[in-house]
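I opened my notebook to look up a few things in one structure. Here is what I wrote down as I went along.

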Amino acid sequence: MATVFKYRGGYRAEARDASGHVVTRQFCLGEHAEAKLWAADNEADKTSEHAPELGGPTQVNLAQALAHYATLYTVTKRGAVQELNRIGHYLQAAGLQPLRLGSDDAGKAALIQWQPEDIEKRVSEGWKAHLNARREHSARTYAFIGKLACMRVSAIRRTHIDELFATMVLDGLSPSTIQKEVALLKSLFNTAMTAWYWTKFSNPCLGVKLGGSEHRFVRLTKAEYGRLYAALEQCDNPWFWPLVDTAIFLTARRKSLLKLRWSDLDLEGRCAVLYKTKTITVTVPLSRRVVELLSKLPRDPSGKVFPMTPNAVKCAWDGVRKKANLPQLQFRDLRHLGGTYYARLVRNAHVLRQILGHQTIYMAEVYINMTEED
C-alpha cells in the first residue's frame, strides 16, 4: 500500500509497482501533497494495464510535457510553425532546446532542435532591435511563462492559468494571441488526460473562457485601390505585382501562392491546386482575370509560378504599402478584398464558398466585408 512519511528533512513516498517491487521517491519538506499524489499514482499503476505517459503529471514539468506534445501532435498541424514558436518560450525557460519544423531524410515533416543563438547570428541589427523591443514590451508575460515552464504539471492550478491570462492582458497582447496561448495549454492537458493515461489529473484550464478571435474588416476606396496599384507598378520585382493581384482574385494565402508550381495549374480548364500543407490540397477555380495574368508570366527554371522567398515578399509589401500610404493594410487582407469582390457578383452562397476554396459557408463569410452601401 502507498505510504508517505518524513525522511531526512523532507518526505519519502513508497508504492508497489505492477511487479510487486517497492518504488520510492524523495520530496522536499513543502511537497507533502505532491508526495501523496505520486504515491497514489504509482500504486494505481499496478492495477492498470497502461502506465501514464512520461510517468504522469508529478514526474515532469510543463516544458517537458509540451516538448512531448510537440513531437506527437504539433508536428502534424497546419499551424505547426506558429505553435512551435509558442512552445519554444517554455522550452527555453526550462533550459531545453527549442524545436522547429524541418524534414527528415525521407523528406517528411519532422521536428529539429536548434540553438537560439544560431538565429541571433543571422538576423540583422534592425531585426534584433525589433525582437528586443517586443520582448521588453511583454517582459512580464515571458517571466510568468518561465515560471510555469519549470513547474511540475501536477502543481499547476486554475489560478496559474488565470494569472497568465491577466498578465498577457496587462502587457497589451491581442485577444487572439491570448486565446492561442491558453488554447495550447488546454489542448495539452486534455490530451494528457485522454491519451496519456493521466487518470488522477484534472485540466486547470477548465472553465477559462477563451473568447473569439477578432475578425478583420477590410475595405478600400477607389482612390486607395489606385494608390495601391500605382505603388505596385513601381516595384522592381517582375513577379510581385502579379502575386498581389493573384492573391486578391484567387483569394489565396501567401504561403499557398509561393508553393504554387506550373504543374499545379490548368489554365485551359481554369483551375488550380493550392497546398494548405504538405499533404492537404484544395482545388479552386480560376477567374478569367487570373488566367490572363498567369499566362503572361515568365517561366522560372525552378518550376514555381512565383519564385520569391517569404522574406522577399514581406520586404516588397512593406515598401508598397508605405508608398501607397496604406500602413494598416496587411498582405493577408488581400483575401478580404477578393472575397468581398466576388460576394458582390455571386448571389449563391455555395458557389461563393467554392470560389473562395472554403469547406464551410461560415469560413467564407469571414473574408466578406460588406457595408450598408453594398
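**Entry 1: the rings.** I began with a rule: rings of Phe, Tyr and Trp (its six-membered ring) pair if their centres lie within 6.5 Å. I also noted that this is a predicted model. With that rule I looked for a cluster, and ring pairs link Phe189, Trp196, Trp198 and Phe201 into one. The count of aromatic pairs by this rule comes to five. One of them joins tryptophan 196 to tryptophan 198, edge-to-face, at 5.6 Å centre to centre with 70° between the planes. Tryptophan 198 also pairs with phenylalanine 201, again edge-to-face, at 5.6 Å and with 85° between the planes.

Tryptophan 196 counts as buried because its relative accessibility is 1%, and the cut-off for buried is under 20%. For tryptophan 198 I wrote down a relative accessible area of 3%.

**Entry 2: a charge over a ring.** I then turned to tryptophan 262. The charged end of arginine 299 sits over its ring, 3.7 Å from the centre.

**Entry 3: the cores.** Which residues have the most contacts inside the largest nonpolar core? They are Phe240, Phe306, Trp317 and Phe331, in a core of 48 residues. Helix H10, residues 240-249, gives the largest share of this core, with six residues. As a reminder to myself: in soluble globular proteins, nonpolar side chains tend to be buried together.

Next I looked up the contacts of phenylalanine 331, leaving aside neighbours within four places in sequence. Its partners are Phe240, Leu243, Val244, Ala247, Arg254, Val313 and Trp317.

**Entry 4: a threonine in the helix.** Threonine 246 is found in helix H10. Why does threonine 246 count as buried? The reason is its relative accessibility of 0%. Not counting residues up to four places away in sequence, threonine 246 touches Thr251, Leu257, Val290, Leu293, Leu294 and Phe306.

**Entry 5: a sheet.** Last, I followed an open sheet of three strands, in the order E6-E7-E8, with antiparallel pairing. Strands E6 (265-266) and E8 (281-285) each have a single partner strand, so one side of each is left without a neighbour in the sheet. Between E6 and strand E7 (residues 271-275) I found two bridges. Aspartate 266 has cysteine 271, in E7, as its bridge partner.

Terms used
Residues are numbered from 1 along each chain as its sequence is written. This is a predicted model: local features need pLDDT of at least 70, side-chain atom pairs count only at pLDDT 80 or more; totals for chains, interfaces and linings use all residues. Side-chain values use heavy atoms; hydrogens and water are left out. A nonpolar core is a set of buried Ala, Val, Leu, Ile, Met, Phe, Trp, Tyr and Cys residues joined through side-chain atoms within 4.5 Å. Buried means under 20% relative accessible area, exposed over 50%, partly exposed in between (1.4 Å probe, protein chains only). Helices (H or I, at least four residues) and strands (E, at least two) are DSSP runs, numbered from the N terminus. Contact means heavy atoms within 4.5 Å. Rings of Phe, Tyr and Trp (its six-membered ring) pair if their centres lie within 6.5 Å; planes under 30 degrees apart count as stacked, over 60 as edge-to-face and the rest as tilted. A charge sits over a ring if NZ of Lys or CZ of Arg is within 6 Å of the ring centre and within 35 degrees of the ring normal. Two strands pair if DSSP finds at least two bridges between them.
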